[in-house]
Amino acid sequence: MIRFYGHPTCSTCRKARNWMQTRDIHAEGVNITETPPSRDSLAHILDNTDYTLRQLFNTSGQAYRDQNLKARLPGMSRDEALDLLASNGMLLKRPIVIDDAGRATVGFKEEQFEKVWGSGRGS
């Protein structure tokens, strides 16, 4: 199963969802603010992809700025940062798309989606 963690008003999420729908790739939609990915899911992304911890953060978001994470993040442990991300979906870059096989994408770049989810592999 593919889970699509997004926000209803996010234009990037809408673009990503549309990309998947036009390719008949079915994903369970999860509101990232109500139910963010678990700490274990986020750790799995870091351990099994090329994404960095900083790339999981929505660095342009209000919650990131309000918590002064630009200054705080370099001094945080990985565990502290993962706990923070798992507790507040507004801190996460979106969309996050994860499947049971361990594949994942963070944000929406068409070439990355094609590489990971293209060719019907995500159905």
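How accessible is Asn 68: buried, partly exposed or exposed? At 45% relative accessibility, Asn 68 counts as partly exposed, where buried means under 20% relative accessible area, exposed over 50%, and partly exposed in between (1.4 Å probe, protein chains only).

## Basis of the report

This is a predicted model, in which local features need pLDDT of at least 70 and side-chain atom pairs count only at pLDDT 80 or more, while totals for chains, interfaces and linings use all residues. Residues are numbered from 1 along each chain as its sequence is written, and side-chain values use heavy atoms, with hydrogens and water left out.

Helices (H or I, at least four residues) and strands (E, at least two) are DSSP runs, numbered from the N terminus.

Helix H7 spans residues 110-117, and its buried residues are Phe 113, Val 116 and Trp 117. These residues lie on the same side of H7, because they cover an arc of only 75° around the axis; the arc is that of the directions from the helix axis to the C-beta atoms. The exposed residues Glu 111 and Lys 115 are carried on the face of H7 turned away from its buried side.

Contact here means heavy atoms within 4.5 Å.

## The pairing of H1 and H7

H1 and H7 pack at an angle of about 40°, and their axes are 11 Å apart. Axes are lines fitted to C-alpha atoms, for helices over the stretch in contact, and angles run from 0 to 180 degrees between N-to-C directions. The two helices, H1 and H7, are therefore oblique to each other; angles under 35 degrees count as roughly parallel, over 145 as roughly antiparallel, 65 to 115 as roughly perpendicular and the rest as oblique.

On the H1 side, Ala 16, Trp 19 and Met 20 meet Glu 110, Phe 113, Glu 114 and Trp 117 of H7. The residues of this contact comprise five nonpolar, no polar and two charged. In this grouping Ala, Val, Leu, Ile, Met, Phe, Trp, Tyr, Cys and Pro count as nonpolar, Asp, Glu, Lys and Arg as charged, and the others, Gly among them, as polar.

## Helix H6

The buried residues of H6 (residues 78-87) are Ala 81, Leu 82, Leu 84 and Leu 85. Seen down the axis of H6, they fall within an arc of 160°, so they line one face of the helix. Their packing partners are helix H2 (39-48), helix H3 (53-56) and H5.

Asp 83 also has its place in H6 and is partly exposed, at 42% relative accessibility. Its C-alpha atom is separated by 14 Å from that of Tyr 64, 19 residues apart along the chain.

## Backbone features in the loops

Most residues other than glycine have a negative phi, and most peptide bonds are trans. Asn 68, in the loop between H4 and helix H5 (69-72), has a positive phi of about 55° although it is not a glycine. Asp 24, in the loop between H1 and strand E2 (28-31), has a positive phi near 55° and counts as partly exposed at 48% relative accessibility.

The peptide bond from Arg 94 to Pro 95 is cis, with omega near 0°. Pro 95 lies in the loop between H6 and E3.
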